[in-house]
Amino acid sequence: MDTLRAILPLLWVSSRKWTLLATLFMVMEACLGLAVLYLLKQLVDVVTQLLGDATSPDSFTPVLWYVALTGVTTLAFIVIRALSNLAKEIQSLLVADHIDQEIHARAVVADLAFYESPRYFDTLERAREAGNHRPVQVVSNLMMLARNGIMLTAIAALILSLNWLLVPVLAIAIVPALLVRLHFTRHLYDWQHRRTQMERRAGYLDWLMTSNYHAKELRLYQLGEHLRGCYGRLRSQIRHERLQITQRRTRIEVIVGGIATTAFFSALAYLAWQTAQGRNSVGDLVLFLLIFQRAQSMGQDLVHQLSNLYEDHLYMGLLLKFLAIRPVIADPAEPAPIPDPIREGIRFHDVGFHYPGCTTPALRHIDLSIAPGQIVALVGTNGSGKTSLIKLLCRLYDPTTGKITLDGVDIRDYGLEDYRRLFSVIFQDYSHYAESAGENIRFGDIESPRDTPAVKSAAIKADADSFIQGLSAGYDTPLTRMFDDGQEISIGQWQKIALARAFMQQSRVIILDEPTSALDPGAEFQLFENFRERIDHRAALIISHRLSTVRMADHIYVMEQGVICESGTHDELIERGGIYCRLFNQQAHHYREVDA
Ligand SMILES: Nc1ncnc2c1ncn2[C@@H]1O[C@H](COP(=O)(O)OP(=O)(O)OP(=O)(O)O)[C@@H](O)[C@H]1O
């Protein structure tokens with residue numbers, strides 16, 4: 001009932017008209033189905049009466065009438081069933097699209113932690129597995145269940161009128177099969193639940209072997225056979241377990257089917273004996289044969305629908321669980337207005353952070369500030385917490401302890417979208433969109449029109465314009481081989497595109513995480529030569545391992561194992577003779593050696 005309560009609004013919102021029509025046709029279908037059965041019974045009765053009477057042409061007229069009426073009703077039944085299927089199909093398509101939209105709406109705002117935790121990720125994957133067709137399926141199964149239930153009750157009443165002893169026989173033919181189905185549906189669902197991670201690993205291995213990302217390494221390290229072996233073992237384990245369940249179900253279903261068939265033929269023998277004794281008419285025997293078979297197939301449908309319904313209910317639980325997820329990082333009840341202009345800037349106050357599910361903190365006691373127009377640099381060893389700090393700054397995560405303020409106000413008190421609009425960010429693992437070069441840049445400010453000149457000026461600032469002009473269709477060239485006319489570009493060129501994307505938005509702070517790792521020294525030099533002008537004197541936070549890049553920053557923070565261990569200007573840090581000075585000298589030493 002809970003599932004149904006959650007589904008009905010979904011259906012109502014997405015396909016009101018077709019839901020009503022599908023329901024109407026379903027009711028008509030059930031009524032017409034029953035009418036056909038009733039008319040058949042009447043026909044048998046009339047024909048049975050005729051068996052005793054002397055046949056005259058007039059006495060045959062009611063038979064003809066019943067045949068005609070049954071024929072017309074059957075025809076109407078067929079037409080309505082076709083219309084009902086059509087309505088269900090349309091309803092199903094509309095609801096599926098609606099559910100897709102709902103899933104996407106949740107997925108794009110879900111906390112980043114959602115994607116980084118396997119437990120949450122399972123929910124998304126299994127919600128997708130549940131499929132967007134399930135809600136319609138639940139309702140149509142319920143309707144069919146109601147229809148078949150009504151018809152089965154009517155048939156049971158008919159059978160009861162023949163001989164009450166036949167009703168338990170009908171129950172034996174249907175109930176055990178139903179219980180077996182339900183048991184195995186649950187069993188299979190539980191098994192699939194336990195196997196999600198295994199399936200994901202198999203999917204991952206499949207992707208490794210077939211995607212272009214790994215084609216080079218796969219060949220050069222000759223990983224193909226190894227991966228095929230791993231994949232084969234996983235699949236055979238999954239197949240083996242699945243087959244075991246299916247074999248057990250088949251064995252039990254054969255036993256249950258055997259019992260049902262024995263019951264049916266025993267009842268038939270009993271009824272035939274009764275008829276031979278003259279206690280039943282031949283018409284009764286014919287009617288029994290006719291309706292018992294129908295009842296049995298209807299019973300099987302009923303079993304099928306109930307087990308489907310049960311399965312749908314289990315899977316819908318996952319879909320509904322996913323749709324109920326609300327991001328923890330969200331807007332406050334009354335968002336504070338973003339200051340314009342920013343006066344004081346951003347400050348970290350004794351910030352600590354650990355990733356959900358991790359015990360070791362990624363950041364500890366961070367005190368840091370970025371004033372308007374100031375260029376701040378973060379340096380430090382791998383894993384020292386630089387990227388994590390940026391994630392907190394952009395509110396992809398919230399601090400575990402301490403707070404971050406913008407002009408003295410906790411950043412959690414600002415509207416999330418307005419706050420995030422303050423930043424343009426390039427992460428180390430920036431995205432490669434399978435779109436045109438122009439679109440890849442415009443994604444930095446998706447609100448701007450398609451043909452905006454801002455794309456070109458951002459590309460010029462990122463030194464990307466010249467190579468884009470050289471592409472087959474310039475800014476309109478798709479940067480992918482996925483589609484015809486696409487073109488692949490080098491990693492350094494991708495980095496320039498990502499830089500242009502960051503320059504595109506008129507944000508107040510530019511954040512660059514290793515922005516020049518793939519640029520040649522000339523391009524890097526050019527980028528930072530007049531960096532302040534390039535970024536229109538906005539504030540910037542730059543992470544770089546190349547200390548030559550970092551030295552032009554107004555303030556440098558040095559991080560190690562999640563804490564800031566040194567900070568100051570380049571000259572101050574060199575004078576202090578600490579970690580920064582040592583790292584800088586090491587890098588400079590290499591260059592000097594080469595120069596020498
Ligand atoms: N999504 C995550 N979940 C759990 N732990 C993480 C996650 N991302 C990073 N970490 C851990 O947090 C610590 C800091 O990582 P972070 O990515 O901030 O380092 P970094 O200084 O940017 O490193 P690098 O210079 O290699 O880019 C590391 O110990 C890392 O293992």
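Q: Which residue in β8 is the bridge partner of Val509?
A: The partner of Val509 in β8 is Ala539. This is a predicted model, in which local features need pLDDT of at least 70, side-chain atom pairs count only at pLDDT 80 or more, and totals for chains, interfaces and linings use all residues. Residues are numbered from 1 along each chain as its sequence is written.

Q: How do you know that β7 and β8 pair?
A: Two strands pair if DSSP finds at least two bridges between them. Strand β7 (residues 509-513) is joined to β8 by 5 bridges. The two strands count as paired, and they run parallel.

Q: What joins β3 to β8?
A: Strand β3 (residues 375-380) has 4 bridges to β8, again in parallel. In one of the bridges, Val376 is partnered by Leu541 of β8. Strands here are DSSP runs of E of at least two residues, and helices are runs of H or I of at least four, numbered from the N terminus.

Q: Why is β8 called largely enclosed?
A: A residue is buried if 20 or more other C-beta atoms lie within 10 Å of its own, exposed if 12 or fewer, and partly exposed in between, with C-beta atoms placed from the backbone. In β8 (residues 539-543), 5 of the 5 residues are buried, so the strand is largely enclosed by the rest of the structure.

Q: What makes both faces of β8 covered?
A: Ala539, Leu541 and Ile543 are buried on one side. Ala540 and Ile542 are buried on the other.

Q: What is the strand order in the open sheet of 4 strands?
A: The order is β2-β1-β4-β5, with antiparallel pairing. β2 (363-370) and β5 stand at the edges with a single partner strand each, so one side of each has no neighbour in the sheet.

Q: How many bridges join β1 to β2?
A: There are 5, and the strands run antiparallel. Phe353 has Leu363 of β2 as its bridge partner. Phe348 stands opposite Leu368 in β2.

Q: How many bridges join β1 to β4?
A: Here too the number is 5, with the strands antiparallel. Thr405 in β4 is the bridge partner of Arg347.

Q: Which strands does α10 lie across?
A: α10 lies across β1, β2 and β4, at about 120° to β1. Axes are lines fitted to C-alpha atoms, for helices over the stretch in contact, and angles run from 0 to 180 degrees between N-to-C directions.

Q: Which residues are closest to the ligand?
A: The closest are Tyr355, Ala362, Asn382, Thr387 and Ser388, in a shell of 13 residues. A residue is near a molecule or strand if its C-beta atom, placed from the backbone, lies within 6 Å of it. Helix α10 (residues 386-393) gives the most to this shell, with 3 residues.

Q: How many residues of each class make up the shell around the ligand?
A: The shell has 3 nonpolar, 8 polar and 2 charged residues. Ala, Val, Leu, Ile, Met, Phe, Trp, Tyr, Cys and Pro count as nonpolar, Asp, Glu, Lys and Arg as charged, and the others, Gly among them, as polar.

Q: Why is Arg395 called partly exposed?
A: Arg395 has 18 other C-beta atoms within 10 Å, so it counts as partly exposed. The residue is in the loop between α10 and β4.

Q: Which residues does Arg395 touch, not counting those up to four places away in sequence?
A: Arg395 touches Ile329, Ile411, Leu416, Tyr419 and Arg420. Contact requires C-beta atoms, placed from the backbone, within 7 Å.

Q: What is the phi of Asp463?
A: Phi of Asp463 is about 60°, positive although the residue is not a glycine. Asp463 sits in the loop between α13 (454-461) and α14 (465-469).

How values were computed
Two residues are in contact if their C-beta atoms, placed from the backbone, lie within 7 Å.
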